[in-house]
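Visitor: I'm new to this one. Could you pick a single part and take me through it slowly, then show me what else is worth a look?

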Amino acid sequence: MSSILFEIRDQIAFITLNRPDKLNAFNREMALLLQDKLDECASLPEIRAVYLTGAGKGFCAGQDLAEVVDPSGPGMKRILSEHYNPIVTRIRQLPKPVIAAVGGVAAGAGANIALCCDVVVAAQSASFIQAFSKIGLIPDSGGTYFLPRLIGWQKASALSMLGDKIGAAEAERMGMIYKVYEDGEFPEASRALATKLAGLPTRALAFTKQALNASSIHSLEEQLLLEDELQQQAAATKDYSEGVQSFLEKRPASFKGS
Ligand code: LHQ
């Protein structure tokens with residue numbers, strides 16, 4: 001069985017981290033395969049949203065710790081540069097929405113890969129752990145970047161140092177994630193959200209993502225200029241014409257992603 005399951009249905013790419021007996025902890029094979037699949041999502045125009053989830057009871061327990069002590073493993077020097085950094089970069093640069101559907105525990109790099117996605121939803125029983133300090137490491141996979149931006153400096157600092165387990169409801173309350181669903185509702189509700197994202201004007205969502213990515217390094221003036229530039233590009237899409245036309249004709253819009 002592959003460590004990554006990949007299926008395209010209804011314009012959505014379903015990517016499942018699939019090492020359930022290890023709570024989908026990342027080994028090198030899984031990290032490289034995930035990169036390949038994210039590349040496929042970028043290159044196939046029929047894909048208009050990506051749904052990233054984990055098989056079994058966990059989302060992802062971060063790095064497979066057995067691999068880091070394996071003398072034939074990739075070694076500490078390559079894990080970030082070849083595994084996690086390219087995954088986070090691909091997710092942020094993918095010109096399509098990526099939804100992380102966190103159905104169980106998300107720890108270490110697993111938590112931070114979820115948190116770098118565009119929309120993060122979780123089942124009530126899911127949890128998030130910055131597990132790094134427990135093993136003498138620092139938050140990676142963008143944790144020190146995204147966490148303070150999501151929940152503020154103080155909470156990010158405390159969670160990073162203490163490694164506390166945060167339940168999904170609390171994660172939602174503190175702004176770490178978008179929404180929590182009851183466990184029974186979670187699979188259907190999270191897939192419905194992916195369906196909704198896939199039906200939106202994909203190029204406008206890509207420009208939105210590009211603007212949000214840039215906002216953390218830009219001055220207000222620079223950001224206003226970028227919004228202006230991207231808005232011109234959005235206004236040149238067929239989906240923009242359809243959006244305006246459908247409003248005037250009082251009918252639902254039918255966006256094609258072009
Ligand atoms: C695991 C793992 C795991 C292997 C559960 N590895 N087997 C970057 C740079 C370089 C090096 C290191 O890493 C990084 C990035 C990182 O991600 S660092 C953080 C690495 N992750 C962790 O430290 C989390 C370790 N796991 C846990 O603390 C617990 O498993 C959590 C709290 C996630 C879940 O606890 P439980 O629900 O009680 O499950 P469990 O501990 O019983 O785990 C179930 C199985 O999964 C178990 O295997 P077994 O054969 O005994 O049933 C675990 O050994 C295995 N597993 N995480 N990361």
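**The sheet, and then the ligand**

Guide: Start with F14, which stands opposite Y51 in β3. This is a predicted model, so to speak of a local feature we ask for pLDDT of at least 70, and for side-chain atom pairs 80 or more, while totals for chains, interfaces and linings use all residues. Residues are numbered from 1 along each chain as its sequence is written, and side-chain values use heavy atoms, without hydrogens or water.

Strand β2 (12-17) runs parallel to β3 (49-54), paired over 6 bridges; strands are DSSP E runs of at least two residues, helices H or I runs of at least four, numbered from the N terminus, and pairing takes at least two DSSP bridges. Zoom out and you find 6 strands in an open, mixed sheet, ordered β1-β2-β3-β4-β6-β9. At its edges sit β1 (4-9) and β9 (179-181), each pairing on one side only.

Now for the ligand. A61, Q63, L65, A109 and D140 come nearest among the 23 residues around it, where "around" puts a heavy atom within 4 Å. Polar contacts (N or O pairs within 3.5 Å) include a ligand nitrogen 2.8 Å from a backbone N or O atom of Q63, and another pair has a ligand nitrogen 3.0 Å from a polar backbone atom of A61. Of the helices, α3 (76-93) and α2 (65-68) each supply at least two shell residues, and α3 gives the most, with 3.

Methods
A polar contact is a pair of N or O atoms within 3.5 Å; within protein, one must be able to donate a hydrogen and the other to accept it, and residues adjacent in sequence count only if both atoms are side-chain atoms.
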